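Hello,

Here is the structure for your files. My notes on it follow.

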Amino acid sequence: MDRREPEKECLRAAQAGDLERLRTLHAQDDGLLQSARSTSKGYSAMHFAAMGGSIPVIEWLAVQGQQADEESPGGFTPMQVALEYKRLPAVRRLQQIRDAVRRGEPIDLTSKQPPAPKRTPVPDTDLPAAAPKRTHVPEIDPPAAAPKRTPVPDVANPVPAPAPA
């Protein structure tokens with residue numbers, strides 16, 4: 001088994017919003033949350049939870065010591081990742097957690113946030129038929145001819161008249 005497999009599984013569970021799996025992994029190795037980082041961007045479990053938009057996972061990770069404003073090596077915070085993936089309720093919750101930590105207040109876990117939407121696959125039968133490809137695009141208006149321009153004489157460098165023969 002790959003030695004990074006528990007870290008990868010932790011990150012996958014955070015993104016999928018699988019809080020029970022995260023709790024199980026944390027119980028097996030309490031340092032896993034701090035060491036788990038993606039190899040490509042250096043994202044933490046909090047970044048992946050923000051990517052998935054799972055507010056319960058974000059709150060649990062914050063209680064476990066994950067920072068809501070931790071920057072990846074590329075300079076991205078979980079809030080920026082949530083914005084990139086359009087997880088606006090997660091952005092708001094990350095802001096609340098960040099602000100509470102900055103003020104030295106405990107993280108309020110009683111806030112009523114809407115649950116992250118479940119992503120279910122759409123069956124192919126519900127998809128509309130693909131539009132036929134257009135092979136010819138008619139020209140709507142041909143471009144107008146450019147107006148003739150009269151040359152302007154160059155006063156600074158006059159052209160000498162041809163010499164008589």
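In helix α7 (residues 88-103), the buried residues are Ala90, Val91, Arg93, Leu94, Ile97 and Ala100; buried here means under 20% relative accessible area, with a 1.4 Å probe and protein chains only. Their cover includes α4 (45-52), α5 (55-63) and α6 (78-84). Helices are DSSP runs of H or I, at least four residues, numbered from the N terminus.

This is a predicted model, in which local features need pLDDT of at least 70 and side-chain atom pairs count only at pLDDT 80 or more, while totals for chains, interfaces and linings use all residues. Residues are numbered from 1 along each chain as its sequence is written, and side-chain values use heavy atoms, without hydrogens and water.

α7 has 16 residues and spans 23 Å from first C-alpha to last, close to the 22 Å expected, which is 1.5 Å times one less than the number of residues. Gly104 follows α7 and has a positive phi, near 80°.

Beyond its neighbours within four places in sequence, Leu61 is in contact with Leu33, Ala45, Met46, Ala49 and Gln66, contact being heavy atoms within 4.5 Å.

The average pLDDT (the predictor's confidence in each residue, from 0 to 100) is 81, and 67% of the residues score at least 70.

Regards

Notes
Helix = DSSP H or I, 4+ residues; strand = E, 2+ residues; numbered from the N terminus. Buried < 20%, exposed > 50% of the residue type's maximum accessible area, 1.4 Å probe, protein only.
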